[in-house]
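Hi,

Here is the structure I promised to pass on. Have a look at it first, and then read my notes below.

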Amino acid sequence: MNEKENNVKHFLDLIQKSRRGKFKVYIGMSAGVGKTFRMLQEAHTLLKNGIDIKIGYIETHNRKETHELLDGLPVIPRRTLFYKGKNLEEMDLQAIINLRPEVVIVDELAHTNIEGSKNEKRWQDVMEILEAGINVISAVNIQHIESLNEDVKHITNIDVQERIPDNVLRMADEVVNIDLTAEDLIVRLKEGKIYTADKIPTALNNFFKSDQILQLRELALKEVASQVVRKVENEVPKNIALRHEKLLACISSNDKTAKIVIRKTARLASYYNSKWYVLYVETPKESSHKIALDKQRHLINNFKLATQLGAEVIKVEHKNITDAMLEVVNQKQITTVCIGKPHLSLFKVILSTTIFNKLLHRLSSSNIDLIILS
């Protein structure tokens, strides 16, 4: 693409961005902190100020205080789908786009749509609404962020299935944290403001434990803080900004380690609001006709995960992993290299010392950081 075409594409991108709707997301550490309540309060305020706002989808979970806030707000009827012998309700995406309100409220961003819907996920519906020039206010819990999946599983012992890619949150113009202390949240639960009385004992013995809530709260606060950092970096003049970080995650065909490196590098990239890459070096002993089929499948899935988290995947064939890494570091002007903690025997460590020293020396002499992720 020549310079003229680049200029035209840049201008078209600016036009499309200006036509796109604004995106605001309320985020919280768990159910019951008040995200839906706050969205409905905002809807009333906007309506009083003459803004054409409609409820595209809201889930009150039969919470009395929240449900009462629906009074007086225009609600777009849901569409009905027949699925597995039942009539189920889903957000009517096409009705929202046809009505073209100035602002639409769309709750539960991580929701999986009923089979037969246009999109698999609600966040994909939201992307379409935004592209149509409609402003969206939505909400999500911190445990639904893709790159935090392993952290959340470690904290709660629950593998959350409904997740959104990190770049969806990164596209938000505003991210607002709805924060409560663990004590306040547990009080709300015991008062019946989150679940019905029959579900409270189970909730207290599982998800709503003080230590778990505290850790999830920390994740939520860190996420919003990283969003603020991105906003500052985008709005602060470049001549007074810190160096622009570029991260390189180096993975192997080891599925478990690769996932850890990808997810943790994604978090670092999110914090620094930086471009990042995932590098896989295919050595002769791991060529496609030598590597096991299950390893090939895991590798492809990890490439897919990296792409979903916003990385650019680089796959190169090279007999020397260190040389290949250093070539990519130079080409992409990388500032930080992330690798997995090596699981090596003492003998292999001794054999690898020269290779590791070469990598360390070249990176340190170029003022490039090396992070070993465990």
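**The sheet and its helices**

Helix 2 lies across strand 1, strand 2, strand 5, strand 6 and strand 7, and runs at about 165° to strand 6. Helix 5 (residues 122–131) packs on the sheet too, touching strand 1, strand 2, strand 5 and strand 6, and its direction makes about 180° with that of strand 5. For those angles, axes are lines fitted to C-alpha atoms, for helices over the stretch in contact, and angles run from 0 to 180 degrees between N-to-C directions. Contact here means heavy atoms within 4.5 Å. Helices (H or I, at least four residues) and strands (E, at least two) are DSSP runs, numbered from the N terminus.

Before going further: this is a predicted model, where local features need pLDDT of at least 70, side-chain atom pairs count only at pLDDT 80 or more, and totals for chains, interfaces and linings use all residues. Residues are numbered from 1 along each chain as its sequence is written, and side-chain values use heavy atoms, with hydrogens and water left out.

So what is the order of the strands in the open sheet? The sheet has 5 strands in the order 2-5-6-1-7, with parallel pairing. Strand 2 and strand 7 are the edge strands, each pairing on one side only. On average, neighbouring strands of this sheet are turned by 20° against each other, direction ignored. Two strands count as paired if DSSP finds at least two bridges between them. Strands of a sheet pair through backbone hydrogen bonds, either parallel or antiparallel.

**Walking across the sheet**

Start at strand 2 (53–57). Strand 2 pairs with strand 5 in the parallel sense over 4 bridges, and Lys54 stands opposite Val104 in strand 5. Strand 5 is then joined to strand 6 by 4 bridges, again running parallel; there, the bridge partner of Val106 is Ser138 in strand 6. In strand 5, Val103 and Ile105 point one way while Val104 and Val106 point the other way, and all are buried. Buried means under 20% relative accessible area, exposed means over 50%, and partly exposed is in between (1.4 Å probe, protein chains only).

Strand 5, helix 5 and strand 6 make a right-handed β-α-β unit. Right-handed means that, with the strands pointing away from the viewer, the path from the first strand over the helix to the second runs clockwise.

Next comes strand 1, where 6 of its 6 residues are buried. Both of its faces are covered, with Phe23, Val25 and Ile27 on one side and Lys24, Tyr26 and Gly28 on the other. Strand 1 is joined to strand 6 by 6 parallel bridges and pairs with strand 7 in the parallel sense over 5 bridges.

Helix 2 covers residues 35–48, and its 14 residues should span 20 Å at 1.5 Å a residue; the end C-alpha atoms are 20 Å apart, which agrees. That expected span is 1.5 Å times one less than the number of residues. Which residues of helix 2 are buried? They are Lys35, Thr36, Met39, Leu40, Glu42, Ala43 and His44. Their cover includes strand 1, strand 2, helix 3 (64–68), strand 5, strand 6 and strand 7. Just after the helix, Gly50 takes a positive phi of about 80°.

Lys35 also turns up in the surroundings of Asn141. Asn141 lies in strand 6 (residues 135–141) and is buried, with a relative accessible area of 11%. Leaving aside neighbours within four places in sequence, Asn141 is in contact with Gly28, Ser30, Ala31 and Lys35.

**Two more spots**

Leu204 sits in helix 9 (residues 200–205) and is partly exposed, at 26% relative accessible area. Setting aside neighbours within four places in sequence, Leu204 is in contact with Ile186, Leu189, Lys190 and Lys209. Leu204 and Ile186 are 18 residues apart in sequence and 7.9 Å apart in space, C-alpha to C-alpha.

Taking a disulfide as a pair of cysteine sulfur atoms within 2.5 Å, the count comes to 0 disulfides. Cys250 is in no disulfide, and the nearest cysteine sulfur, that of Cys338, is 8.0 Å away, too far for a bond. Cys250 is buried at 10% relative accessible area, and Cys338 is buried at 0%.

Cheers
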